[in-house]
Amino acid sequence: MPTDVELFEAWRAGDAKAGALLFDQYAREIYGFLRGKVRDTAAEDLVQETFVACLRAAEGFRGDASFRTYLFRAARSRLYNYLQRDKAKEDRIDFAVTTLHDLAPSATAAIAKRERDRVLLEALRRVPLEFQIAIELYYFEQLRGQQLAEVLGVPDGTARTRLRRARQLLHAQLMALEGGPALAETLGDLESWAAQIREHRND
């Protein structure tokens, strides 16, 4: 079985079948990452844009990071671009400050099967997007260490600091939400909660 790097090189050389294999392998994960942040139809479009962007900027992938990491970095960039043009028009969004709740204060019931999950996800939406994404990449997508830093586009130490700050912000938002204080202690077990969300998300 060809590696991701070999498939990507073949795709760059014009092998559409190689591109289709990569899409089949990773499109669902990328869609899961985008779902809930934008409308479902927009998420589908952004998945397509992510793969196209990866191919157009192929020189940016040198094989020193995984192709999956490369894809998530591209998906994050596509998401930011979409939110900028869709929500802010002329004003520049500061993703270190702006939350998804600020941009679209709708509930996340579509991917929350239980009240506990709904509250946790709503708290997550009220964390500035830059920090929300750090939590999701680490806990939902299981990107660790240098992989997380690559997707966030920051040094490894900065990625660790951002993740710690993200957990603090999530805790603060839980404390502010009705029903949230009782769930604040679950932050010590984000791994199991994220696994449940991944399962529900992929249903």
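## A helix wrapped up by its surroundings

Start with α7: eleven of its twelve residues are buried, so this helix is largely enclosed by the rest of the structure. Keep in mind as you look around that this is a predicted model. The buried set in α7 is made up of Leu-129, Glu-130, Phe-131, Gln-132, Ile-133, Ala-134, Ile-135, Glu-136, Leu-137, Tyr-139 and Phe-140.

## The whole chain

Stepping back for a moment, what is the chain built from?

Of the chain's 203 residues, 48% count as buried. Take the contacts between residues at least 6 apart in sequence: 65% of them join residues at least 24 apart.

## How α7 meets α8

Back to α7, and to its partners. Two packed helices are described by the angle between their axes and the distance between the axes. For α7 (residues 129-140) and α8 (residues 145-152), the angle is about 145° and the axes are 10 Å apart. The crossing of α7 past α8 is right-handed.

Which residues do the meeting here? On the α7 side they are Ile-133, Ala-134, Leu-137 and Tyr-138, and on the α8 side Leu-148, Val-151 and Leu-152. Sorted by class, that contact holds seven nonpolar residues, with no polar and no charged ones.

## How α7 meets α9

Helix α9 (residues 156-176) is another partner: its axis and that of α7 come within 9 Å and cross at roughly 105°. Angles from 65 to 115 degrees count as roughly perpendicular, and α7 and α9 are therefore roughly perpendicular to each other.

From α7, the residues involved are Glu-130, Phe-131, Ala-134, Ile-135, Tyr-138 and Tyr-139. They meet Arg-162, Leu-163, Arg-165, Ala-166, Arg-167, Leu-169 and Leu-170 in α9. This contact divides into nine nonpolar, no polar and four charged residues. Ala-134 and Tyr-138 turn up in the α7 lists for both partners, α8 and α9.

Arg-162 sits in helix α9. Is this arginine buried or exposed? With a relative accessible area of 12%, Arg-162 is buried, since the cut-off for buried is under 20%. Leaving out residues up to four places away in sequence, Arg-162 touches Arg-76, Glu-130, Phe-131, Ala-134, Leu-152 and Val-154. Among those, Glu-130, Phe-131 and Ala-134 are also on the α7 side of the α7 and α9 contact.

Along the sequence, His-171 and Leu-120 are 51 residues apart, yet from C-alpha to C-alpha they are 9.6 Å apart in space.

Follow the chain out of α7 and you come to Gln-142, whose phi is positive, near 60°. Most residues other than glycine have a negative phi. Gln-142 has its positive phi although it is not a glycine.

Where is Gln-142? It belongs to the loop between α7 and α8. Its relative accessible area is 42%, so Gln-142 is partly exposed.

Thr-98 is found in the loop between α4 (67-88) and α5 (100-103). At 16% relative accessibility, this threonine counts as buried. What does Thr-98 contact, leaving aside neighbours within four places in sequence? The answer is Ile-93, Leu-103, Pro-128 and Leu-129. Leu-129 is one of the buried residues of α7.

Helix α3 (residues 40-56) has 17 residues. From its first C-alpha to its last, α3 reaches 24 Å, close to the 24 Å expected at 1.5 Å a residue. Its buried residues are Ala-42, Ala-43, Leu-46, Val-47, Thr-50, Phe-51 and Cys-54.

Lastly, look at Ala-10 in helix α1 (residues 4-12). Ala-10 counts as partly exposed, because its relative accessibility is 23%. Not counting residues up to four places away in sequence, Ala-10 touches Asp-15 and Ala-18.

How values were computed
Residues are numbered from 1 along each chain as its sequence is written. This is a predicted model: local features need pLDDT of at least 70, side-chain atom pairs count only at pLDDT 80 or more; totals for chains, interfaces and linings use all residues. Side-chain values use heavy atoms; hydrogens and water are left out. Helices (H or I, at least four residues) and strands (E, at least two) are DSSP runs, numbered from the N terminus. Buried means under 20% relative accessible area, exposed over 50%, partly exposed in between (1.4 Å probe, protein chains only). Contact means heavy atoms within 4.5 Å. The expected span of a helix is 1.5 Å times one less than its number of residues. Axes are lines fitted to C-alpha atoms, for helices over the stretch in contact, and angles run from 0 to 180 degrees between N-to-C directions. A crossing is left-handed if the near helix is turned anticlockwise from the far one by less than a right angle, and right-handed if clockwise. Ala, Val, Leu, Ile, Met, Phe, Trp, Tyr, Cys and Pro count as nonpolar, Asp, Glu, Lys and Arg as charged, and the others, Gly among them, as polar. Angles under 35 degrees count as roughly parallel, over 145 as roughly antiparallel, 65 to 115 as roughly perpendicular and the rest as oblique.
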